[in-house]
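This report examines selected local features of one structure.

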Amino acid sequence: MTWLGEHGSSVMKVARAYTLNSEESQDLAQEILLQAWRSLPNFEGKAAPATWFYRVALHTAMNWHRKDKPRRSRQQSLVEVEAVATEGFDSAEQVQQRDIVEQLYKAIHQLPKTDAALVLLYLDELSYREMSEVLGISESNVGVKLNRAKKALSELMKGPSHVP
């Protein structure tokens with residue numbers, strides 16, 4: 001399946017956005033790939049392969065997130081673990097950049113899951129048309145929801161957990 005090579009980075013982005021640590025992220029990525037493989041016979045070619053693959057990834061991640069909530073509440077964030085492991089090895093600029101990425105992922109985790117999915121698609125630079133196909137909503141609805149999600153993210157980034 002050449003799709004894996006083409007869409008592997010999308011799988012990892014989705015997995016990382018819906019999990020808190022590296023091990024969990026790898027587990028979810030494997031689950032996404034398994035679900036894609038199982039769903040492949042149902043692929044009818046009505047959507048582009050990338051759109052279909054993303055849809056499978058997001059639905060699998062949202063189900064995973066819903067089922068796994070109790071265990072995740074006891075785990076440390078992936079970004080927190082990575083920050084401790086690499087402390088002292090980075091320039092101040094790299095540390096600041098990592099802090100911003102950490103803030104972004106924490107904020108994305110706080111969004112409703114459909115909004116988080118929309119933000120991920122936006123970060124992956126999908127067009128409104130592609131986002132509408134993945135999420136099954138109209139392009140105009142994508143625009144409205146995306147603007148609301150961006151405002152919510154902005155507010156979350158300004159919140160008390162924001163490091164200047």
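## Burial and the aromatic cluster

A residue counts as buried when its relative accessible area is under 20%, as exposed when that value is over 50%, and as partly exposed in between. By this criterion, Trp-52 and Phe-53 are both buried. The model discussed here is predicted. The relative accessible area of Trp-52 is 11%, whereas Phe-43 has 23% relative accessibility and therefore counts as partly exposed.

A pair of aromatic rings is described by the distance of the centres and the angle of the planes. In one of them, the ring centres of Phe-43 and Trp-52 are 5.2 Å apart and the planes stand at 55°, so the pair is tilted. For Trp-52 and Phe-53, the centres are 6.4 Å apart and the planes are at 55°, so this pair is tilted. Through these ring pairs, Phe-43, Trp-52 and Phe-53 are linked into a cluster.

## Helix 6

Helix 6 spans residues 92-110. With 19 residues, helix 6 reaches 27 Å from its first C-alpha to its last, which is close to the 27 Å expected at 1.5 Å a residue.

Which residues of helix 6 are buried? They are Glu-102, Gln-103, Tyr-105, Ala-107 and Ile-108.

## Packing of helix 6 against helix 7

Two packed helices are described by the angle between their axes and the distance between the axes. Helix 6 packs with helix 7 (residues 113-123) at an angle of about 140°, and the axes are 7 Å apart. Helix 6 is therefore oblique to helix 7, since only angles over 145 degrees count as roughly antiparallel.

On the helix 6 side, the contact involves Leu-104, Ile-108 and His-109. These residues meet Lys-113, Ala-116, Val-119 and Leu-123 of helix 7. The residues of this contact comprise five nonpolar, one polar and one charged. Ile-108 takes part in the contact and is also one of the buried residues of helix 6.

## Backbone geometry at Glu-125

Most residues other than glycine have a negative phi. Glu-125, although not a glycine, has a positive phi of about 65°.

Where is Glu-125 placed? Glu-125 lies in the loop between helix 7 and helix 8 (128-135). Is this residue buried or exposed? Glu-125 has a relative accessibility of 69% and so counts as exposed.

Terms used:
Residues are numbered from 1 along each chain as its sequence is written. This is a predicted model: local features need pLDDT of at least 70, side-chain atom pairs count only at pLDDT 80 or more; totals for chains, interfaces and linings use all residues. Side-chain values use heavy atoms; hydrogens and water are left out. Axes are lines fitted to C-alpha atoms, for helices over the stretch in contact, and angles run from 0 to 180 degrees between N-to-C directions. Helices (H or I, at least four residues) and strands (E, at least two) are DSSP runs, numbered from the N terminus. Angles under 35 degrees count as roughly parallel, over 145 as roughly antiparallel, 65 to 115 as roughly perpendicular and the rest as oblique. Contact means heavy atoms within 4.5 Å. Ala, Val, Leu, Ile, Met, Phe, Trp, Tyr, Cys and Pro count as nonpolar, Asp, Glu, Lys and Arg as charged, and the others, Gly among them, as polar. Rings of Phe, Tyr and Trp (its six-membered ring) pair if their centres lie within 6.5 Å; planes under 30 degrees apart count as stacked, over 60 as edge-to-face and the rest as tilted. Buried means under 20% relative accessible area, exposed over 50%, partly exposed in between (1.4 Å probe, protein chains only). The expected span of a helix is 1.5 Å times one less than its number of residues.
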